[in-house]
Amino acid sequence: MEKATEIARQVKEKKISAAAVLERHLKTIKEKDGKIGAFLEIFENSAMAQARAVDEKAAKGLPLGRLAGVPVAIKDNMLYKGHKTTCGSKILEGYVAPYTATAVQNLIDEDAVIIGRTNMDEFAMGSSTENSAFKPTRNPANTDCVPGGSSGGSAAAVASGMCPIALGSDTGGSIRQPAAFCGTYGLKPTYGSVSRYGLVAFASSLDQIGVFANSMEDTALAFSVISSHDPKDSTSVEYPQGDDLSGAGGLKIGLPKEYAAGSGSMDAEVTRVFGETISRLEKLGAKFTEISLPHTRYAVPTYYIVASSEASSNLGRFDGIRYGLSVKGAALSDVYKKTRGQGFGPEVKRRIMLGTYSLSSGYYDAYYLKAQKIRTLIKRDFDEAFKNVDVILTPTTPSPAFKFGEKTSDPLAMYLSDIFTIPCNLAGLAGLSFPAGVSKDGRPIGAQFLAKPFNEAVMFSLGSELARAANL
Amino acid sequence: MIEFEPVIGLEIHTQLKTGTKMFCPCKTSASEAPANTSICPVCTGQPGTLPVPNMKAVRLGVAAGLALGCEIREVSIFARKNYFYPDLPKAYQISQFDKPLCEAGSVELDIKDAKGGTYTKTVRVHRAHLEEDAGKSLHALGSTQLDHTLVDFNRCGVPLLEIVSEPDMNSADEAYAYLIELKKLMQWIGVSNCDMEKGELRCDVNISLRPKGETRLGRKVEIKNLNSFKAVKDAIAHEIVRQTAALNLGETIAQDTRLWNEKEQKTVSMRSKELAHDYRYFPEPDLAPLRITAAFKEALKQEIGELPKARKNRFKTEYGLSSYDAGVVTAGKGLSAYFSACMAEVLTLKLNVPAKSVLNLVSSEFLARLNGLKKDSVTLDPGDKDLISPANLVIIAALTAAGKLSASAAKTVFAKAWETGRDAQALVNELGLSQVSDTGLIREWALEAIAANPKAAEDFRNGNEKALGPIVGVIMKKSKGTANPAAANSVIRELLK
C-alpha cells in the first residue's frame, strides 16, 4: 500500500516518475477491480497525460505541488471537465462535465493525477452502493459484503490499494460508514470548509466533499488541499484558525450515553472494538466524560425529511430537456414522467416522493419546518457538549459490513445503519472515521471522532497518535 | 342594477439595472443577443452549480425599497419556488417567500377626476422581493407555428424586483397612474429602465368587483400578457365591464387567470386557479440569509438623495409653483435638475422673472425639442452642450415677462438659440425682435390694418369682439411679431371707438 505523502516526496525528489506511479496503480486496478468493481471509469489517457506533465515539470526543475504524481480517484458525483459524470444514475448516463469541480481543481493544481471515477449509490442515496444503476462494488476485506455507501467505490478503491487517496461525499455518513466497512480513514470535513461547486447536489445543507486514505497523514494532506474558500460557493468559508490542541494527553473526550443505550442493535464486535479504542486513548492520556445528546433519537427521521426535501428540489433539473436521458413523449408532461420514471431508480424515487410530500402546502409545517427545528436542537446538544469536551468518540456504525441484499428489502433498517453518522451532518460538525479494529471474521470496524466546526486538527492529532501507538 | 366597485392590485416585475445576472457572471444585455449566447453552467442549471448573489442587484433592490417607503428587512431569505417548465432549468426559481427584502411601503398618486380636478390616492406596497428571471420559450418563429418549442436561456437568471401592491386601486386610471409613478420612481433612482417593450417591466393585474359599500373582496381574476401601460388600462376597463355584466346577470366570477388579447381587446381565460401549482417554497439552502445593515441603508439613502415627491413639494414652496406645474418639471430627475439650474441662473443673473414663466418655457419649447435629440426628461443633463443653456433660457423668459419680447418672438429666439447656442439677448437685437410698445408706431400699423380689413372693423364696431383678432393679426404680421399685443389691442379699441 503506497502512501500519498511518500509518493509526492519521491516524485519531487525525482526518485520515481509520476508515470511509473500511475502505471503501478493502473496495474493494481486491472488485477483487482474486475472482482471489486470500485471504478465506473478509469481516466487512463487523461491521467497519463497529467502524470507526464508532472514529470516534465520535475525535469524542468519547476516547483511541484503537494500531491505531485499522487493518483486520486473521485466519486462519480464530482464534475471533471470533459469527463463523464453520472452520479451512478441512468438519468445522467453519457453526461459529460462542462466544467471542473473546485475540489477536483484544487487536487489538479497540486499536481495530483485524477485516475478515474468511482461507483456510488445513485445520487448518493444509500448505505451499501447497491443502489448504483450500473454495478455492485464489493468490500475488499470480504467480497460477500457490501463496501458501505454511498461512496462505496472510493472506499473500496483506497482499501484495495488502487489509489492512495479518493474523494467521496458525505451527506449523512456516506464517507465515514464505507471507510469503517472497508478499513480506511474517512473524513467528513466541517460544512463550508470544502467547496461544493461541482458536486452534484443531493442535500445542499448537508453535503460535504471529503477524503478516503489509508493513513491519517494522507487524509490530513488531502484535506488541506481540497479545503478552500470558493467564491463560487456562497456557503464555503475561509478556514479559520482552530483551537490549538496537540496530543491526546489531557484532552477531554466525550462519550454520548445515547449512542450506546439507543442502539440495541449494536453488534457485540463493534462494542468490543469500541472498548479497546477507549482503553488505547486512555493510555495516551485522554480523559473520558459521559455526555448527553438528548435529541439524537430524532436524528434519523429529521435527516430523512431535510435531506429528502432538498433532494426533491435539487433533482428537479433532471428533466430530459437539456442533458442526460431524454425519453420522448406526446406531451411535455409525458417527457417528464417517462424520463424521470425510467431514469431514476427506486430509492431515488422514494426520497423524491418523501421530500415532495414534506414540502407540500399543508404538510410543510408538520414535516420540513418541524425537522428544521429539531435540527437546531440537535446542533444545540453538540454546542452544549463541546463546552465540556474537546472531541466526541462514537462507533462509526452499529455493525461491521453486512452482506449483499441483507438490507435492501428493508429501507428503514438501511437508514438506521447511519444512526451514528447522521447527527454530525445535521450539526455541521467535522467527523472522522478511523480503523479501530477487525471483527473475529476479519471485517474492519471503525470508530468516529466528532469535533467542533473547523477543528479537524484535533481529530488528526488523535488519529496520528493512535496509529503510532498501534504500530509500536 | 347594483353599482359595483372594482378592486385592483398589481404585481410588477422590473428588471434591475445590473451588468450581470442575479446569480452568475453572465451579461444581462442579452435581449438583443443571439439566442443562448449569454449563458453558463450556472444559469442553465448544470449539475453541481451554485448561485452567488449579485450584490449590485441587492443594492438596487434596497434602493427601490427605500424609494417606495418600504421597511427593509435586516435579514431576508432567498427561497426556492419549485415547478417544472423547459425554460426553468433548475426546476426551481430562486425568489423570496415569507421573508422578502422590502415590506409595507406606499406610493402617493395625483389623479385627474372626471370633472377635471385632481385627487390624491395612496396605494400601499405590500412587498418587494428579489428573484431571477426564467428563460424564454418560443412556440413560433415569426408567424410560423412550430411543432416543437425552442428555449432561449439568455434571460434566464436576469435579476428582477417583484413589487406587489395592496388591492388599493379602484379604477383603470388609478392603476395606470400607479404604473406611471412606479416607473418614474425606478427611473429616478436608476434602479430600472422599466422599458416594457424590452420586457424590463412586466405587469400582472388582480381584479375583483364588489357591490359598492361592501368591504369583503369578490372573486379575483388575474390578467396576464399585458405588454404596455395602455394594455393594462384597456384590460382593466374591459374586465370591469365584463365582470359587471356577469354579476348583474347573477353569474359568479370564475377565479381564473386570463390573457389580454390585444387584437380583440378582450381577456380570455387561460387556466382555472383551482389547478393552481403547489410551488413547495422552502429556504434556498445554497444561499446564506441576506443581511442588510443600518449603515448600508443609511449610505444608500444619502446616495439616492431627494425623491420626486420631496422635490415636487420643495418646488411648490420654493418657487411658488402649483402642484400640477411642480409635477410637470419633476416628471424626471434630469428635467427637475435642469429646472433647478434655470432657477439658479435667475438668481445669479439677478433677473426679475416669475418661476411660472420659466416653467412655461421649459414645459413647452424646451420639452418639445428634447425628443428630437433622442434625450428624455429622466436622463438629461443640465450641462449638456446640445441643449439650450439654463442661462439662455431664463433670459428669454425674463425678456418675455418684462414685455420686451412677444410670445411669438420668444419662440423665434428660442428656436435660434437652441440651434446655434448663441446668446439670446444678442439674437433679439440682431433679429430686431425687441417688442414694440411704442404706441405711435403701433398706431401707424393699426391704421393700415383697419384700412386693409374694413369688414372686420365694421363688425367690431357692431359689437363683435372676435373681429378684433384679424386686425391684431395684421399688426403682428407687419411688425414681424414685435408689436406688444396688449398695446395693439388698446390702440385698435381706441381707433374704432
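Trainee: How many bridges join β2(A) to strand β3 of chain A?
Mentor: Five, and the two strands run parallel. β3 covers residues 113-118. Strands pair if DSSP finds at least two bridges between them. Strands (E, at least two residues) and helices (H or I, at least four) are DSSP runs, numbered from the N terminus.
Trainee: What stands opposite Ile74(A) in β3(A)?
Mentor: Arg117(A). Between β2(A) and β3(A) the chain passes through helix α4 (residues 102-109), in a right-handed β-α-β crossover. Right-handed means that, with the strands pointing away from the viewer, the path from the first strand over the helix to the second runs clockwise.
Trainee: Where do the numbers and letters come from?
Mentor: This is a predicted model, where local features need pLDDT of at least 70, side-chain atom pairs count only at pLDDT 80 or more, and totals for chains, interfaces and linings use all residues. Residues are numbered from 1 along each chain as its sequence is written, with chains lettered from A and ligands numbered from 1 in the order written.
Trainee: Is β2(A) buried or exposed?
Mentor: Five of its five residues, 71-75, are buried, so the strand is largely enclosed by the rest of the structure. Buried means 20 or more other C-beta atoms within 10 Å of the residue's own, with C-beta atoms placed from the backbone.
Trainee: Which residues are on which side?
Mentor: Pro71(A), Ala73(A) and Lys75(A) are on one side, Val72(A) and Ile74(A) on the other.
Trainee: What about β4(A), how many bridges there?
Mentor: Three join it to β2(A), again parallel. Ala73(A) has Ala166(A) as its bridge partner.
Trainee: New topic. How many residues does each chain put into the contact?
Mentor: Chain A gives 32 and chain B gives 25. Contact means C-beta atoms, placed from the backbone, within 7 Å.

Methods
Buried ≥ 20, exposed ≤ 12 C-beta atoms within 10 Å, placed from the backbone. Contact = placed C-beta atoms within 7 Å.
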